[in-house]
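Please open the structure in your viewer and keep the sequence panel at hand.

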Amino acid sequence: MSTVQALDATTLTPGARRILTAASDLFYRHGIHAVGVDAIADASGVTKRTLYDRFGSKDVLVATYLRARHEQWWERLEQRLASSPAPRALALFDAYAHDAPSIDRGCAFLNAAGELPAEHPGQAVIRVHKRAVRERLEQLVREDRPGLDAPDTADHLFLLLEGGVAHHGIDGGRLLGAARGIAARLLG
């Protein structure tokens with residue numbers, strides 16, 4: 001991923017971090033298109049000029065928001081996987097369920113995918129995130145359940161996970177719990 005698509009959140013200045021923090025909350029709570037740079041600047045306590053100096057455009061800020069969200073979630077996931085029993089693929093369902101209070105509007109990546117045009121730099125971040133989740137599922141199935149068809153099982157698990165997370169904001173997690181149960185049966 002190039003710096004044109006997203007900035008590395010670990011190298012941001014303190015002002016840029018404030019902007020990213022404010023934008024992250026606003027984008028998730030209200031939607032990307034509904035939030036203007038004026039609102040982000042106001043919420044972060046900086047001027048619009050500072051926002052543009054740090055990010056160049058709202059598009060780069062959106063991509064950076066998505067990249068930072070992926071990196072934070074991925075770090076928590078890997079910590080959870082390190083202490084999870086087999087089949088560890090279920091830990092992905094548990095990770096989303098554990099994050100439930102902060103995902104009351106569903107998946108930030110699916111929400112953004114629905115808002116952004118195909119050529120937006122945020123779409124590249126979304127594809128990387130979703131591909132990484134799918135590939136991690138396959139790796140876990142291959143390692144923990146070698147008798148199963150790992151690619152096919154990972155596809156099923158991924159779709160169950162995505163569906164459960166997408167409905168979380170609608171049904172309060174009921175389908176995510178049901179999806180985990182189905183996944184447990186698939187993994188035997």
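**Before starting.** This is a predicted model, in which local features need pLDDT of at least 70 and side-chain atom pairs count only at pLDDT 80 or more, while totals for chains, interfaces and linings use all residues. Residues are numbered from 1 along each chain as its sequence is written, and side-chain values use heavy atoms, with hydrogens and water left out.

**The whole chain.** Select the protein chain and display its secondary structure: there are 10 helices and zero strands. Helices (H or I, at least four residues) and strands (E, at least two) are DSSP runs, numbered from the N terminus. The C-alpha atoms fill a box of roughly 55 × 35 × 30 Å along the principal axes. Of the 188 residues, 47% count as buried; buried means under 20% relative accessible area, exposed over 50%, and partly exposed in between, with a 1.4 Å probe and protein chains only.

**Helix α7.** Next, select residues 121–144, which form helix α7. Its 24 residues reach 35 Å from the first C-alpha to the last, close to the 34 Å expected at 1.5 Å a residue; the expected span is 1.5 Å times one less than the number of residues. Because 17 of the 24 residues are buried, α7 is largely enclosed by the rest of the structure.

**Arg88.** Move to Arg88, in the loop between α4 (58–82) and α5. Is this residue buried or exposed? Arg88 is buried, with a relative accessible area of 17%. Leaving aside residues up to four places away in sequence, Arg88 touches Leu81, Leu140, Glu143 and Asp144, where contact means heavy atoms within 4.5 Å.

**Helices α5 and α8.** Now select residues 90–98 (α5) and 150–166 (α8), which pack at an angle of about 10 degrees with their axes 10 Å apart. That angle makes α5 roughly parallel to α8, a term for angles under 35 degrees. Show the side chains that make the contact: Leu92, Phe93 and Tyr96 of α5, with Leu157, Leu160, Leu161 and Val165 of α8. By class, this contact has seven nonpolar, no polar and no charged residues.

**Gly177.** Finally, select Gly177 in helix α10 (residues 174–187). Gly177 counts as partly exposed, at 46% relative accessibility.

Notes: Axes fitted to C-alpha atoms, helices over the stretch in contact; angles between N-to-C directions. Parallel < 35°, antiparallel > 145°, perpendicular 65-115°, else oblique. Nonpolar A, V, L, I, M, F, W, Y, C, P; charged D, E, K, R; others polar.
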